[in-house]
Amino acid sequence: MSALGLRPTVDRAGLVTDIRSLRADFPALHQDVHGKPLVYLDSAASSQRPQAVIDAMVHHEQHDHANVHRGVHQLSQRSTEAYEGAREKLSAYINAANSAEIIFTRGATESINLVAASLGQMCLGPGDEVLVTRMEHHSNIVPWQLICQRTGARVIPAPITQTGELDRDGFTARLTKNTKIVALGHVSNALGTINPLQDLIAEAHQAGALVSIDGAQAGPHLRIDVQALDCDFYSLSGHKMFGPTGIGILYGKRALLEAMPPYQGGGEMILTVSFEDTTYNALPHKFEAGTPNITGAIGFGAAIDYLSAIDFDALAAHEHDLLEYATNELLRLPGAKIIGTAAHKASVLSFLFDKIHAHDLGTVVDLEGVAIRTGHHCAMPVMDFFKVPATARASFALYNNRDDVDRLMHGLRQALEMFS
Ligand SMILES: Cc1ncc(COP(=O)(O)O)c(C=O)c1O
């Protein structure tokens with residue numbers, strides 16, 4: 001039952017098929033901004049949370065909070081159970097072989113920094129290469145640059161096309177015997193492009209490289225199966241998947257995580273400490289130094305429960321309809337230009353108008369109660385490629401509908417009038 005008492009339609013497997021009913025679950029969406037009902041089209045930056053996630057976190061804070069692991073008392077045991085339960089949920093959700101392969105982090109950024117620093121220290125040296133793409137978020141570029149500076153390896157960017165897709169021949173040409181790691185986004189946050197991961201991962205493995213996937217933008221839209229993908233690492237962000245901020249996961253294949261050196265030192269990650277010989281804890285704790293974000297992990301677990309109850313075929317159809325409708329409506333406006341026109345896209349619409357700066361667009365539509373994002377979207381190489389300083393980006397999630405798109409178009413028409 002939703003927060004507003006609506007009962008969603010479910011199929012025989014008990015999954016919610018009526019995606020439109022889900023909007024009622026998100027309290028933040030039911031408010032006015034600048035005197036108008038809020039239209040939230042900034043979910044690629046951070047999604048809103050359903051009441052069930054908020055309730056799970058409040059319940060933990062009110063009843064169960066204590067530090068996890070090692071505690072013999074009741075609250076510590078409850079807290080540990082909830083925290084480790086969240087790990088189990090994430091493990092099952094992405095079909096990891098074992099929950100020890102799920103490391104809690106602060107978010108996708110920390111997940112990628114962890115894998116870059118630790119894996120890079122283990123397997124990169126002078127002459128080695130890390131192949132990334134030009135459509136990556138800065139979080140999937142800079143951590144690799146940092147480890148390459150330390151090890152003498154190089155970051156090689158694979159080119160993209162005018163539609164915002166990966167240039168497959170360009171990718172293949174740059175995949176050489178020197179490529180030790182391929183770091184790829186599943187879905188581009190600036191363009192919406194969905195990369196053909198299965199093929200790219202197989203190709204990278206054939207060339208002898210390990211593959212790390214930035215799944216921050218895939219999490220809210222696509223079902224992820226890390227074993228079917230056969231990726232070596234996969235990063236997810238809680239706050240993009242209807243969970244809280246400050247929590248994410250790194251999935252890694254067990255044998256690799258076992259072999260990699262710790263990322264940070266401190267409590268939790270050790271077995272024994274002495275000045276002669278410190279030994280490290282077993283997975284996943286080896287990579288979780290210090291007191292973790294317990295409430296965040298529990299909230300993330302609740303978000304996974306929420307997503308697990310949704311029919312993703314129905315979700316994909318809903319989001320496809322929204323993106324198509326928004327794309328067609330936008331192109332009816334004079335001077336509209338879409339940046340990122342890949343054949344396979346997730347719920348991102350990046351756009352510009354002649355002679356109107358993206359920030360002006362964002363400011364005018366905000367006054368209409370419509371929240372979009374403007375700027376470089378932490379993807380400066382994408383902006384350079386398309387020779388634009390910034391774009392306006394409307395991003396959709398399961399709670400959006402066609403009325404939201406109509407409100408955006410109304411706001412954009414106001415901006416066009418104002419700046420013509
Ligand atoms: C593609 C992509 N990767 C990584 C990140 C960083 O994620 P987090 O906020 O969890 O650190 C983002 C956030 O916008 C993103 O869009």
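User: Which residues in helix H4 are buried?

Analyst: Pro143, Trp144, Ile147, Cys148 and Thr151 are the buried ones in H4, which spans residues 142-151. Buried means a relative accessible area under 20%, exposed means over 50%, and partly exposed is in between (1.4 Å probe, protein chains only). Helices are DSSP runs of H or I with at least four residues, strands are runs of E with at least two, and both are numbered from the N terminus. Bear in mind that this is a predicted model, where local features need pLDDT of at least 70 and side-chain atom pairs count only at pLDDT 80 or more, while totals for chains, interfaces and linings use all residues. Residues are numbered from 1 along each chain as its sequence is written, and side-chain values use heavy atoms, leaving out hydrogens and water.

User: How do you know that the buried residues of H4 line one face of the helix?

Analyst: Look down the axis of H4: its buried residues fall within an arc of 130°, so they line one face. That arc is taken from the directions between the helix axis and the C-beta atoms. Gln149 and Arg150 sit on the other side of H4 and are exposed.

User: What covers the buried residues of H4?

Analyst: The cover includes helix H3 (108-123), along with strands S5 (129-133), S6 (154-158), S7 (179-185) and S8 (210-214). Contact here means heavy atoms within 4.5 Å.

User: In what order do the 7 strands form an open sheet?

Analyst: The order is S4-S10-S9-S8-S7-S5-S6, with mixed pairing. Two strands pair if DSSP finds at least two bridges between them.

User: What makes S4 and S6 stand at the edges?

Analyst: S4 and S6 each have a single partner strand, so one side of each is left without a neighbour in the sheet. On average, neighbouring strands there are turned by 20° against each other, direction ignored. Helix H2 (residues 74-93) packs on this sheet and touches S4 and S10, its direction making about 120° with that of S4. Axes are lines fitted to C-alpha atoms (for helices, over the stretch in contact), with angles from 0 to 180 degrees between N-to-C directions.

User: How many bridges join S4 to strand S10?

Analyst: 4 bridges do, and the two strands run antiparallel. That meets the pairing rule for strands. Ile102 has Tyr251 as its bridge partner in S10, and Phe104 stands opposite Ile249. Ile102 and Phe104 point one way from S4, Ile103 and Thr105 the other way, and all are buried.

User: Why does Asn195 count as buried?

Analyst: Its relative accessibility is 4%, so Asn195 counts as buried. The residue lies in the loop between S7 and helix H6 (197-206). Beyond its neighbours within four places in sequence, Asn195 is in contact with Met135, Leu166, Gly185, His186 and Leu200.

User: Which helix gives the most to the lining of the largest pocket?

Analyst: H10 does, with 7 residues. The lining has 19 residues, and His320, Leu323, Ala343, Lys345 and Ala346 lie nearest the centre of the pocket. About 400 Å³ of space lies in this pocket. Volume means the space filled by probe spheres set on the grid points, which are joined across faces, edges and corners.

Terms used. On a 1 Å grid over the protein atoms alone, a cavity is a set of points where a 1.4 Å probe fits but cannot get out, and a pocket is an open set with protein on both sides within 12 Å along at least five of seven lines; lining residues have an atom within 4 Å of a point.
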